[in-house]
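Trainee: Could we go through this chain step by step, with the criteria stated as we go?
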Amino acid sequence: MTIPETILKELENYTGTDQVRKDLNINLFEERLLDSLATVELIIALSEAFSMDISPGEIDRELWATPQKIIDYFEERANAG
Amino acid sequence: MDIIERIDNWAQVYPERVAHVSGGQRLTYKELKAQSDKLAGYLSQALPNDGSPIVILGHKQVEMTIGFIGCAKAGHPYVPLESSFPEQRVKTVVETAQASWILTVEEIRKILETTEENPKFENRKREMEDVWYIIFTSGSTGNPKGVMITRASLENFLNWTLAEHEITEAAVTIIGQAPFTFDVSILDLYCSLVQAGTLVSVTKDEIANLKELFKTLSNSNGTMWVSTPSFARLCLMEPSFNEGMIPTLGRFWLAGEPLAPEIATELLKRFPKAQLWNAYGPTEATVATTSVQITKEIIAKYNPLPIGYPMPGTQILIHNKEGKPVAAGERGEIIINGPNVSIGYINRPDLTAKAFFAVDGQRAYHTGDWGRCQDGMVFYDGRIDFQIKLHGYRIEIGDIEANLHVLPNVQDAVVVPVMKEERADHLVAFVILKNRTGASDFEIMQELKRQLAERVPEYMVPRKFVFPAEFPITTNGKADRRKLAETLQ
């Protein structure tokens, strides 16, 4: 699975809606789709899926506000090697 | 103990010691005394001396602490409420409590800025049987109910906790996570204040932005940690959350929901020098009634973990359906019997009569919790009814359903908790709509979430919504919750 597909699958699972796929710029916090606990769980789930060491304490909430931002974050990290 | 006298005394002994730290604010003992005196003087002029409840609306600001102590000095019980609660919920609480005033943080600030101190004001004496605080908790029919706790019950709880946790003068800094609407916060607030300690509050903005949260924790110099197991679980997801982050930490006190063995194991591993305590008790019995230190030996021996031994002077009874004690080791309802039991729900004699009774002349409370005794300790075995703990919040499923039912497009609604590793992870609402308009499921869900959030606190709004045409029905003709839950797997 590609990086965006893995992320969107997890996001669908956490938010219970495919809207996260239809609108990549939807604000996950403002639309009440992710709360703090779900965000941390998502960070952990994705860092495991991509075998990356990401500590929740390093992440700014702003960096994770939309599906597109999350995709950008992981693609950048993947490219950085 | 005279709570107010003790706290006021620190203004003389340790004027510059910090009583409360919260989101960049700091309040010293000198400031706490001067400002709570000023507020109390103002309230006692503005209100008759009738002991009417005052709602204090805010979050974790230092003005909340000033408000609580100010109300107590003015002779009024206080009702803490979160400013994020919807207006509708606040209104219901104000009406049920017949509150004489709603003090917001902004209003407290304004009073402190614009009022002169009244040098003639003297604290109104609070008798042991006077109500000190009222905490509202979810009610199964959609209206919250207010648990009244007297000065006697509060002091009784503080005496036990200070002794058991060796909280001594000017030597404790408590990290407190629970919101003031949740009575676990009574421990962190009063155990620090009566011993000239410091309360470091964790704010909701910090929990929403973990970078800030871990900064606060590592700057806290905390010696004692008071939270729900859910909050500890969240922190444990951060690898650097260990004794290197909070080297001063000597004790964890966890309560509010079952403590999972893996959380206990991990905390002891990350903080090898700290003691870990598990406590249990509903709001109706003043914060906590039983406790036990969780060691590696206890974890190896028991699953689920024990909730421990009752506090001195209070007994735990395990009753069967007929209200008679069960045989040793058998399961039954946990009954709490002792001076820490509340005098009842404010202005709801009907609900009070159902939940409270007397045993041997002492107040007793039906917890609605299954429990059993083993090896002299009490064990919690789940709920008898539809009350759940979601991330530490106590929620009646019926409360959410009743508030969904009144929404214009809802014909019927059932809310189901989704379980993960034996704890509620999130809520799903199954809703039969009156009109399937042209809107998408997502749009309908967002509209319902928005409408529901105008009636109940945010944490009670289900994460997911499903819109079936009808519900599966049990043989009794009720919606089949089990079958609905199964459709999610």
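Trainee: How many helices and strands are there in chain B?
Mentor: This is a predicted model, where local features need pLDDT of at least 70, side-chain atom pairs count only at pLDDT 80 or more, and totals for chains, interfaces and linings use all residues. Residues are numbered from 1 along each chain as its sequence is written, with chains lettered from A and ligands numbered from 1 in the order in which they are written. Helices (H or I, at least four residues) and strands (E, at least two) are DSSP runs, numbered from the N terminus. On that basis chain B has 16 helices and 25 strands.

Trainee: Which residues of helix 9 of chain B are buried?
Mentor: Buried means 20 or more other C-beta atoms, placed from the backbone, within 10 Å of the residue's own. In helix 9 (residues 210-218) of chain B these are B:Leu210, B:Leu213, B:Phe214 and B:Leu217.

Trainee: Which strands stand at the edges of the open sheet of nine strands in chain B?
Mentor: Strands pair if DSSP finds at least two bridges between them. The order is 2-1-9-8-10-11-12-13-14, with mixed pairing. Each edge strand has a single partner, so one side lacks a neighbour in the sheet; the edges are strand 2 (25-28) and strand 14 (309-310) of chain B.

Terms used: Buried ≥ 20, exposed ≤ 12 C-beta atoms within 10 Å, placed from the backbone.
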